Amino acid sequence: MKYLHLIWAALFRRKTRTILTLVSIIAAFLLFGLLDAVRVSFAEAGQSANGAERLQTGAKLSFIQPLPQSLMARIATIDGVKEVAHANWFGGAYQDPHNQIFTFAVSDNYLDIYPEVSVDPGEMKAYNDDLNGVLAGEVLVKKYGWKIGDKIPLQSQIFPNKEGSKNWSFNLRGVMKAKDEKAFQSQMIILHWKNFDETTPYNRGQVGWYISRVKDVNDADRVAKAIDALSANSDHETKTQTEQAATRNWIKQLANIGLIVTSIMGAVFFTLILLTGNTMMQAVRERTSELAVLKTIGFSNGSVLGMVLAESVLLLLLGGVIGIGLVTAIGAALPKMSGGMITGAAVGPKSWLLGLVLALAIGIVIGALPALRAMRLNIVDALAGR
């Protein structure tokens with residue numbers, strides 16, 4: 001610490017170059033923090049406190065293969081199953097084909113499976129009484145400024161209505177409010193499965209998947225095997241897994257978020273090492289005579305090595321702390337900006353620790369070669385300009 005003033009002075013010897021390098025480091029760690037927040041959000045998808053007691057049953061062959069609706073009553077008879085509901089993918093776009101909203105056609109008891117999601121009793125009654133009614137998540141209602149009674153036009157990606165058009169219109173009858181901010185229902189629309197089944201010619205009594213709520217989470221494995229045994233050796237064999245596992249598998253079919261994040265960050269930090277390493281090499285070359293003077297007045301080789309290495313580490317730590325700090329400040333806005341797809345985007349202790357370790361490691365890597373060069377510097381040659 002007694003050499004901190006010397007390290008700081010050397011670091012900002014060329015202020016413009018140092019500031020531009022610092023901006024690059026801040027941008028890299030800002031990107032790291034944002035991408036890590038996205039990765040964590042997707043990794044934690046479906047992992048609410050209640051999610052552990054729910055099982056999701058889909059077709060074993062492919063998640064797009066439908067299941068018979070008659071399977072619901074058979075699942076309900078299995079010992080250990082508290083209640084069971086079902087859902088179908090509808091896939092709606094609002095106003096613009098690219099503006100996708102997760103929309104499911106669900107059984108009447110669907111929300112009974114999700115005690116963390118609540119709907120006003122009056123709104124729930126209005127929804128149950130209107131076959132063309134829908135419930136929308138609180139995040140969507142706030143985002144689009146919808147009000148109870150509004151007509152919500154949605155364009156299905158797959159299913160046509162009775163007229164053969166993929167343009168549907170629904171009545172907004174209620175708002176789903178999630179006690180747990182990670183609940184998926186806060187960012188989706190649900191409609192009556194009966195309306196969907198009777199309207200589109202492509203369904204005909206079929207179900208996309210079943211959601212079962214078990215009485216005892218410790219008994220979930222046995223219940224899952226019992227559910228799958230119902231359809232063993234049939235033309236609709238099933239695969240039952242926890243809701244968390246099902247959500248992760250579904251996301252992986254869309255994209256390997258972890259691989260994407262790792263690849264991007266690998267490219268960003270590799271470029272950062274080259275950029276910052278070149279800056280440090282240039283800074284040491286410019287100060288060759290100054291380093292020689294330090295050795296002349298009594299600074300040891302180890303002290304010179306430590307000062308140059310500390311300069312590199314300090315530069316990276318400054319940029320890393322500012323970059324991750326910016327992510328922490330804007331993390332609260334990510335859920336709104338993503339339409340609710342990204343939740344819990346605040347940078348946690350693990351992300352901070354990882355970021356600081358990366359900054360320290362990169363600082364050591366890029367500072368090692370210039371520091372060794374400074375340590376081995378010959379005083380006579382350096383003062384002579386050789």
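**Exercise 1. Determine how the side chains of Arg54 and Glu116 meet, and which parts of the chain they join.**

Step 1. The side chains of Arg54 and Glu116 form a salt bridge, with N to O at 2.8 Å. The term salt bridge requires a side-chain nitrogen of Lys or Arg within 4 Å of a carboxyl oxygen of Asp or Glu.

Step 2. Arg54 belongs to strand β1 (residues 54-59) and Glu116 to the loop between β5 (100-106) and β6 (117-118), so the pair ties together parts that are 62 residues apart in sequence. Helices (H or I, at least four residues) and strands (E, at least two) are DSSP runs, numbered from the N terminus.

Step 3. Both Arg54 and Glu116 are buried. Buried stands for under 20% relative accessible area, exposed for over 50%, and partly exposed for values in between (1.4 Å probe, protein chains only).

The model is predicted: local features need pLDDT of at least 70 and side-chain atom pairs count only at pLDDT 80 or more, while totals for chains, interfaces and linings use all residues. Residues are numbered from 1 along each chain as its sequence is written, and side-chain values use heavy atoms, with hydrogens and water left out.

**Exercise 2. State how many salt bridges the rule gives, and describe the one between Glu83 and Arg213.**

Step 1. The count comes to eight salt bridges.

Step 2. In the salt bridge of Glu83 with Arg213, the closest N and O atoms are 3.2 Å apart. Since Glu83 is in strand β3 (residues 81-89) and Arg213 in strand β12 (residues 209-214), the pair ties together parts that are 130 residues apart in sequence.

Step 3. Arg213 has 11% relative accessibility and therefore counts as buried. A network of salt bridges links Glu53, Glu83 and Arg213.

Step 4. The strands β3 and β12 also pair, in the antiparallel sense, over six bridges; strand pairing requires that DSSP finds at least two bridges between the two strands. Val84 stands opposite Ser212 in β12.

Step 5. β3 is also joined to β5 by three bridges, and these two strands run antiparallel. Here Trp89 stands opposite Phe104 in β5.

**Exercise 3. Decide whether Asp130 and Arg173, which form a salt bridge, are buried or partly exposed.**

Step 1. The closest N and O atoms of Asp130 and Arg173 are 2.8 Å apart. Asp130 lies in the loop between α4 (121-129) and β7 (133-137), and Arg173 in strand β9 (residues 167-178), so the pair ties together parts that are 43 residues apart in sequence.

Step 2. Asp130 is buried, at a relative accessible area of 15%. Arg173 is partly exposed, at a relative accessible area of 26%.

**Exercise 4. Find the ring pairs of Phe90 with Phe170 and Phe196, and classify each.**

Step 1. The whole structure holds 15 aromatic pairs. Rings of Phe, Tyr and Trp (its six-membered ring) pair if their centres lie within 6.5 Å; planes under 30 degrees apart count as stacked, over 60 as edge-to-face and the rest as tilted.

Step 2. The ring centres of Phe90 and Phe170 are 5.9 Å apart and the planes stand at 80 degrees, so this pair is edge-to-face. It links Phe90 in the loop between β3 and β4 (92-93) with Phe170 in strand β9, 80 residues apart.

Step 3. For Phe90 and Phe196 the centres are 6.2 Å apart and the planes are at 75 degrees, so this pair is edge-to-face. Phe196 lies in helix α6 (residues 193-199), so its pair with Phe90 ties together parts that are 106 residues apart in sequence.

Step 4. Phe90 and Phe170 are buried, and Phe196 is buried with a relative accessible area of 0%. Ring pairs join Phe90, Phe159, Trp168, Phe170 and Phe196 into a cluster.
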